[in-house]
Amino acid sequence: MTAPTPRSAPSTPAAPATATAPVRWGILATGAIATAFAEDLALLPDARLTAVASRTEESARRFAERHDIPRAYGSWEQLAKDPEIDVVYVATPHAQHHAATALLLAAGKPVLCEKPFTLNLPEAQDLVRLAREHRVFLMEAMWTYLDPAVRRLTQLIDDGAIGDVRTVQAEFAFTADPGGSGRLRDPGAGGGALLDIGVYPLAFAQLLLGAPDSVQAWGRIAADGVDDNTGIVLGHPGGAHAVLSCSIVSDGAQRAEIGGTLGRIEIPRDFYRPDSFVLHRRGHEPEEFRFPREAGHGYRYEAAEVMRCLRAGAVESPLVPLDGTLAVMATLDTVRRRIGLRYPGDRD
């Protein structure tokens with residue numbers, strides 16, 4: 001099959017981190033995902049969570065106390081200027097990813113930025129430009145690409161286990177409170193199904209098929225201005241296609257299926273972080289692959305990849321390359337245009 005975009009970009013040399021010293025992390029933001037990441041960092045013996053920053057010193061101090069972090073900052077700028085931080089994990093809401101990451105990159109700080117990378121492609125392109133101009137490491141926190149089960153699955157596909165991939169199906173759906181007022185229901189925060197969870201099936205499909213040359217989409221824009229039920233069909237060169245969906249008004253198993261010319265792979269649930277999948281090959285009995293859950297929330301793998309890259313002197317991960325992130329962001333923008341989803345500050 002055609003080499004997929006998200007696994008094809010090479011990394012570029014940069015100043016290597018010390019090979020033996022622990023990597024010193026900062027976390028920007030103090031919400032639930034920052035908490036999960038902090039707990040996973042504690043599982044890595046070569047990682048040190050050294051500082052946290054928030055918009056308010058009180059929030060940063062509370063977070064630091066809970067996770068035994070030496071330094072707490074009440075501004076992003078203080079973290080960006082800390083000379084004893086090797087890399088920063090950006091865990092803010094989507095709408096703040098660009099501003100936070102741009103500040104850090106301009107200060108020469110390597111960044112792991114939570115998904116979705118930004119609200120739109122121009123913002124993402126600006127961050128990639130900054131990272132490449134300053135020769136600073138930057139990676140989207142697309143944990144799916146680093147998950148052991150997904151790594152094994154893609155290896156099987158690359159080795160020809162199911163022949164050429166022709167179809168990908170993936171869904172991500174759950175029911176959210178329709179009267180809720182949190183980030184998920186706030187268009188100003190990039191809320192809704194598409195950016196919050198739709199990025200997963202899109203990124204999964206493009207991991208396997210590369211960037212599409214045709215995008216069709218249908219979605220419902222709720223009264224609060226976010227999409228709550230969106231379906232997507234991607235067409236790819238050579239006739240392959242992906243059928244994807246995301247919803248915050250219906251329940252789903254988060255399942256996926258990959259069809260090839262010689263077989264198929266089924267992921268019965270949680271395709272973005274699976275603990276098993278089944279390989280069906282013509283003329284063979286189904287083969288199940290199981291991956292026992294390790295301690296933590298699943299973020300340790302992306303943190304470990306960042307530290308591996310820093311120690312190797314790379315400014316980009318070959319497993320989550322920036323060109324792949326831009327390709328997914330471009331598809332998200334096209335889907336938004338197709339369904340008429342706009343956020344405050346969008347430009348035509």
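This is a predicted model: local features need pLDDT of at least 70, side-chain atom pairs count only at pLDDT 80 or more; totals for chains, interfaces and linings use all residues.

**Entry 1, a pair in the sheet.** I began at I258, which stands opposite I265 in strand 12. I then looked up the strands around this pair: strand 11 (residues 256–260) and strand 12 pair in the antiparallel sense over 4 bridges. For my own reference, helices (H or I, at least four residues) and strands (E, at least two) are DSSP runs numbered from the N terminus, and two strands pair if DSSP finds at least two bridges between them.

Residues are numbered from 1 along each chain as its sequence is written, and side-chain values use heavy atoms, with hydrogens and water left out.

In what order do the strands of the open sheet run? I found 8 strands in the order 8-9-10-7-11-12-13-14, with mixed pairing. Strand 8 (214–221) and strand 14 stand at the edges with a single partner strand each, so one side of each has no neighbour in the sheet. On average, neighbouring strands of this sheet are turned by 10 degrees against each other, direction ignored.

Strand 13 (residues 276–281) and strand 14 (residues 287–290) pair in the antiparallel sense over 4 bridges. I noted E288 in strand 14 as the bridge partner of V278. The hairpin has 5 residues between the strands, and G283 takes a positive phi near 85 degrees there.

Helix 6 (residues 148–158) lies across strands 7, 11, 12, 13 and 14, running at about 15 degrees to strand 13. Helix 7 lies across strand 7, strand 9 (227–235), strand 10 (241–247), strand 11 and strand 12, at about 160 degrees to strand 10. My angles run from 0 to 180 degrees between N-to-C directions, with axes as lines fitted to C-alpha atoms, for helices over the stretch in contact; contact means heavy atoms within 4.5 Å.

Which residues touch the most other members of the largest nonpolar core? Of its 116 residues, they are W25, I27, F37, V168, F204, I258 and F271. Helix 7 (residues 193–209) gives the most to this core, with 13 residues. A nonpolar core here is a set of buried Ala, Val, Leu, Ile, Met, Phe, Trp, Tyr and Cys residues joined through side-chain atoms within 4.5 Å. Buried means under 20% relative accessible area, exposed over 50% and partly exposed in between (1.4 Å probe, protein chains only).

F172 is in strand 7 (residues 165–173) and F271 in the loop between strand 12 (263–267) and strand 13, 99 residues apart. Both F172 and F271 are buried. They belong to one aromatic cluster, whose members include W25, F37, Y89 and W143.

A107 is in the loop between helix 4 and strand 5. Is A107 buried, exposed or partly exposed? A107 is partly exposed, with a relative accessible area of 40%. Just after helix 4, G108 takes a positive phi of about 85 degrees.

Key: Rings of Phe, Tyr and Trp (its six-membered ring) pair if their centres lie within 6.5 Å; planes under 30 degrees apart count as stacked, over 60 as edge-to-face and the rest as tilted.
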